[in-house]
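Student: I would like to learn how to read the features of a model like this one. Could we go through it together?
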Amino acid sequence: MKNTIDLHAHTIYSDGGLTPIALVMRAKEIGLKSIAVTDHDNISAIEVATIKGAELGVEIIPGIELTAYVDEMLDLHILGYFIDKKSRHLNERLEFYKKQREVKSKKVVENLKGFGYKIDFNEVKKLAKGTIAQPHLAYIVINNSSNTAKLTEEFGEIPTTGEFIKEYLAVGGKAYEPREAATPEEAIEIIHEASGIAVLAHPCWNLAAKVGSKLIFDDQWVEKLVKMGLDGIEVYAHRDTKEDTEKAVEHYEKVADKYKLIKTGGSDFHGFGSAGKDLGFKDFSVSIPAKALSDLRKLKASLTVK
């Protein structure tokens with residue numbers, strides 16, 4: 001089944017590889033009618049994407065993906081849909097998070113240097129057009145020829161950005177540094193204050209783990225988030241394999257029904273490094289029901305009436 005919507009996509013304003021205009025053009029090319037622009041802690045792409053979308057006949061849902069820290073071992077990502085990008089509170093918090101990411105990134109750069117890698121913070125900042133994220137740091141290290149010998153020695157070959165992030169930058173990684181970010185409750189509150197709809201992103205990654213050949217789900221945080229005001233959950237997301245993806249989708253469909261959450265879905269498209277899948281899941285077997293967007297619209301309409 002060919003998807004006509006994709007509710008999770010990134011641009012160069014966070015850790016995506018395409019400009020807002022190029023993203024919309026890609027959506028048009030593959031037949032998508034609606035896409036949500038959901039950059040990490042950044043809304044700079046929305047206006048340009050919306051203008052280009054109107055020109056090409058592609059609906060742009062204004063969105064965001066806020067990082068929320070539970071503790072040093074777990075972070076959750078909360079998607080906000082149909083947000084008011086002019087919200088004063090939202091913009092104030094985003095400016096704060098941007099500065100915190102820079103502080104963290106400078107520390108990580110120094111940590112990587114301590115491990116013998118060649119990396120300069122100014123290169124990282126130049127690469128990141130908006131929000132500095134882990135793929136930017138990984139990309140700079142991997143694509144510096146001065147690091148080739150060390151990378152090959154440690155990984156056996158030049159790693160993907162995903163492999164490098166897991167080893168060095170993610171929680172528990174060798175060069176990891178925490179940063180000040182929203183709590184899950186604060187993230188939901190920020191989205192709601194911006195008249196948006198709060199949805200838990202890719203729980204199949206953050207709240208599930210592969211143990212041997214079995215996929216283990218931990219749903220305790222879903223219940224907590226629901227009590228905090230969560231509106232939806234990203235059911236139609238991907239794992240590494242078709243089999244695990246199908247198991248995750250089936251599981252989170254039941255979770256969504258249990259807590260009466262809107263079921264959304266998206267490719268988490270980046271087009272940069274090794275994150276996410278191709279836009280519209282063109283390269284993977286996940287169907288995103290059109291009902292996902294219509295349910296978001298209905299909830300938005302009911303909130304507007306109130």
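Predicted model: local features only at pLDDT ≥ 70, side-chain atom pairs only at ≥ 80, totals over all residues.

Student: What is the phi of Phe281?

Tutor: Phi of Phe281 is near 55 degrees, which is a positive value in a residue other than glycine. Asp268 is found in the loop between β9 (262–265) and α12 (290–305), and at 13% relative accessibility Asp268 counts as buried.

Student: Let us turn to ring pairs. How many aromatic pairs does the structure hold?

Tutor: The structure holds seven aromatic pairs. To read one, take the distance between ring centres and the angle between planes; over 60 degrees counts as edge-to-face. One of the pairs is Tyr117 with Phe164, at 5.6 Å centre to centre and with 85 degrees between the planes, which is edge-to-face.

Student: Why can we say that the pair of Tyr117 and Phe164 ties together separate parts of the sequence?

Tutor: Look at where each partner sits. Tyr117 lies in the loop between α3 (88–114) and α4 (121–127), while Phe164 belongs to helix α7 (residues 161–169), so the pair ties together parts that are 47 residues apart in sequence. Tyr117 is buried, with a relative accessible area of 2%, and Phe164 is buried as well, at 0%.

Student: Which other aromatic pair does Tyr117 form with a Tyr?

Tutor: Tyr117 also pairs with Tyr168, edge-to-face, at 5.4 Å centre to centre and 90 degrees between the planes. This pair links distant parts of the chain too: Tyr117 in the loop between α3 and α4 and Tyr168 in helix α7 are 51 residues apart. Tyr117 and Tyr168 are both buried.

Student: Which residues do ring pairs link into a cluster?

Tutor: The cluster consists of Phe115, Tyr117, Phe155, Phe164 and Tyr168, linked by ring pairs.

Student: Which residue lies over the face of Tyr117?

Tutor: That is Lys150, at 5.0 Å from the ring centre of Tyr117. For a second case, look at Trp205: Arg239 lies over its face, at 4.1 Å from the ring centre.

Student: Now for helices. What describes two packed helices?

Tutor: Two packed helices are described by the angle between their axes and by the distance between those axes. Here, take helix α1 (residues 20–29) and helix α2 (residues 46–56): their axes come within 8 Å and cross at roughly 35 degrees. The crossing of α1 past α2 is right-handed.

Student: Which residues of α1 and α2 meet?

Tutor: On the α1 side they are Pro20, Ile21, Val24, Met25 and Lys28; on the α2 side they are Val48, Ala49, Lys52, Gly53 and Leu56. The residues of this contact divide into seven nonpolar, one polar and two charged.

Student: How should I read a single residue's surroundings? For instance, which residues does Tyr236 touch?

Tutor: I would begin with its position, then burial, then contacts. Tyr236 is found in strand β8 (residues 232–236), and it is buried, with a relative accessible area of 9%. Leaving out residues up to four places away in sequence, Tyr236 touches Val249, Glu253, Lys263, Thr264, Gly265, Gly266, Phe281, Val286, Ser287 and Pro289. Phe281, from your opening question, is among them.

Student: And where does Thr245 lie?

Tutor: Thr245 lies in helix α11 (residues 242–259). It is buried, with a relative accessible area of 3%. Its contacts, not counting residues up to four places away in sequence, are Ala237, His238, Arg239, Phe284 and Val286.

Student: Let me try a last one. Is Val222 buried or exposed?

Tutor: Val222 counts as buried, at 0% relative accessibility. Its place is in helix α10 (residues 220–227). Setting aside neighbours within four places in sequence, Val222 is in contact with Leu200, Leu207, Ile233, Val255, Tyr259 and Leu261.

Key
Residues numbered from 1 in each chain as written. Heavy atoms only, no water. Phe/Tyr/Trp six-rings, centres within 6.5 Å; stacked < 30°, edge-to-face > 60°. Helix = DSSP H or I, 4+ residues; strand = E, 2+ residues; numbered from the N terminus. Buried < 20%, exposed > 50% of the residue type's maximum accessible area, 1.4 Å probe, protein only. Lys NZ or Arg CZ within 6 Å of the ring centre and 35° of its normal. Axes fitted to C-alpha atoms, helices over the stretch in contact; angles between N-to-C directions. Left-handed = near helix turned anticlockwise from the far one by under 90°. Contact = heavy atoms within 4.5 Å. Nonpolar A, V, L, I, M, F, W, Y, C, P; charged D, E, K, R; others polar.
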